[in-house]
Amino acid sequence: MGRFFVLLLLPILLFGGSVKPFKWKDGESFLSFLERKKLPLSVYYNLDKEDQKLTEDIPYSANCQMILDNKNFIRQILIPVNDELQLQIYLTPKKRYEMKVTPVVSEEYTETLYVPIQTLPYNDILKTTGSKNLASIFVKMFKGKVDFRRGLQPGAPIIIVYTQKYRLGKPFSMPEVHGAMVEVNGKKISVYRHSDGRFYDEKGGQYEKFLFKLPMKNPRITSRFTKSRYHPVLKRYRAHLGVDFGARPGTPILSTGEGKVSFVGYSSGYGKTIKIRHSNGLISLYAHQKSFKKGIRSGVRVKQGEIIGYVGSSGLSSGPHLHFGVYRGSNAIDPLGVMKKKTEGFSGKERKVFLAIRDKMDRRFKEALKNKPTRKPYFDFHETYYVDSETFKVKPF
Ligand SMILES: [Zn+2]
């Protein structure tokens, strides 16, 4: 995989290429992006169905890169679909543009961050790291547990242990927080991420509440969520950013949770699609529908389990099924990871696993309280980089 990239990049580097980062425009379609960059639309039409669908899932403000030669000619464009897969537009030796789905090459670092409180946790974390994502994850972790408007003393510590991915020198994708601690009224309060990806207090009690239900009666899952999978027969990378439920045409589709309908309409990939925005900030998506339930339109409130439409195979679909997606912001997450789950404490083997995670985090917190590590930024945030073909390390101009 690494060699593949080096081979693609090498000819560019001999020309002294540079990397220009840019952000994906909110709501821009892939075809209008190609038009704006004066790239041939065949780049899109030569893709197969599955890859065409992926272009509809480019997250808003995705951190993209354009690799230019010294005459400012586009050699490559990298557009991440998630933190593992990207769309790679590249110039072939015959001077034609083509596109492939390829894995993202990234480095990741796990850091322990120590921040003494000055104003509010959100502001202080943002100021120290420049990461809105990290700041908002922290606030969400303690929501309902700690009221940050009272009891915070200046200088009281915040500690966060997290992993951040970097791609071509810039942080990208959501940081993964493993645990966090904050001192309120002289009392230390901690939250830990268990192996199921959810946050728990020191006793294993859950305080993230997910109340979603499956969008169909008697569901039959035919394809699961995957950020990146290598297809050994097709010899290519694939992503499936939702869960497929096989069902007869006309089978009712149910709202996964209470919320407000934010989209009812047609997209070339997903066909007849409904999106619902929920109070926990997540968005659910129901694609390839045959028809919508009467009265379901943008702005309407729906209850959990309410019929919103009917299974079909509109759009790029190989047969009748419901494609069900869940998004945090515009990033697809695993829908099955946010379905209703028992919230009692852990028992048996799972309890042992949780306690091991908790104790390891507690040791990290203790160390951080003693050493007060300040953040050492791995890269400076310059706009343009050279790419070293051997190591993929970046150097600012
Ligand atoms: Zn699907």
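His 288 lies in strand 18, where strands (E, at least two residues) and helices (H or I, at least four) are DSSP runs numbered from the N terminus. The structure is a predicted model, in which local features need pLDDT of at least 70 and side-chain atom pairs count only at pLDDT 80 or more, while totals for chains, interfaces and linings use all residues. Residues are numbered from 1 along each chain as its sequence is written, and side-chain values use heavy atoms, with hydrogens and water left out.

**Buried positions in strands and helices**

- At 0% relative accessibility, His 288 counts as buried, a term that stands for under 20% relative accessible area, with exposed meaning over 50% and partly exposed the range in between (1.4 Å probe, protein chains only).
- A polar atom of the His 288 side chain lies 2.8 Å from the backbone oxygen of Ser 314.
- Ile 308 belongs to strand 20 and is buried, with a relative accessible area of 0%; its C-alpha atom is separated by 9.6 Å from that of Val 261, which is 47 residues apart from Ile 308 along the chain.
- Met 361 lies in helix 7 (residues 348-371) and is likewise buried, with a relative accessible area of 6%, and the C-alpha atoms of Met 361 and Ser 190, 171 residues apart along the chain, are separated by 9.2 Å.

**The buried side of helix 6**

- In helix 6 (residues 132-141), the buried residues are Leu 134, Ala 135, Ile 137, Phe 138 and Met 141.
- These residues cover an arc of only 165° around the axis, which puts them on the same side of helix 6; the arc is taken over the directions from the helix axis to the C-beta atoms.
- As background, an α-helix has 3.6 residues a turn, so residues three or four places apart point the same way.

**The second largest pocket**

- The second largest pocket has a volume of about 750 Å³, the volume being the space filled by probe spheres set on grid points that are joined across faces, edges and corners.
- A pocket here is an open set of points on a 1 Å grid over the protein atoms alone, where a 1.4 Å probe fits, with protein on both sides within 12 Å along at least five of seven lines, and lining residues have an atom within 4 Å of a point.
- Of the 27 residues that line this pocket, Gly 27, Glu 56, Asp 57, Tyr 60 and Lys 275 are the closest to its centre.
- At least two lining residues each come from helix 2 (30-36), strand 16 (259-267), strand 17 (271-278) and strand 18 (282-292).
- The lining of the second largest pocket comprises twelve nonpolar, nine polar and six charged residues, with Ala, Val, Leu, Ile, Met, Phe, Trp, Tyr, Cys and Pro counted as nonpolar, Asp, Glu, Lys and Arg as charged, and the others, Gly among them, as polar.
- Because domain 1 (2-105) and domain 3 (221-338) both give residues to the lining, the second largest pocket lies between them; the domain bounds come from an automatic or database domain assignment.

**Exposed residues in loops**

- Lys 38, in the loop between helix 2 and helix 3 (42-45), has a positive phi of about 60° although it is not a glycine, and is exposed, with a relative accessible area of 73%.
- Asn 185, in the loop between strand 8 (170-184) and strand 9 (187-193), has a positive phi of about 50° although it is not a glycine, and counts as exposed at 57% relative accessibility.
- Lys 95 is found in the loop between strand 4 (85-91) and strand 5 (97-103) and is exposed, with a relative accessible area of 56%; Lys 95 and Arg 75 are 20 residues apart in sequence and 9.5 Å apart in space, C-alpha to C-alpha.
- Lys 303 sits in the loop between strand 19 (301-302) and strand 20 (307-311) and counts as exposed at 60% relative accessibility, while a separation of 6.7 Å is found between the C-alpha atoms of Lys 303 and Gly 259, 44 residues apart along the chain.

Terms used. Polar contact = N/O pair within 3.5 Å; in protein donor to acceptor, adjacent residues only side chain to side chain.
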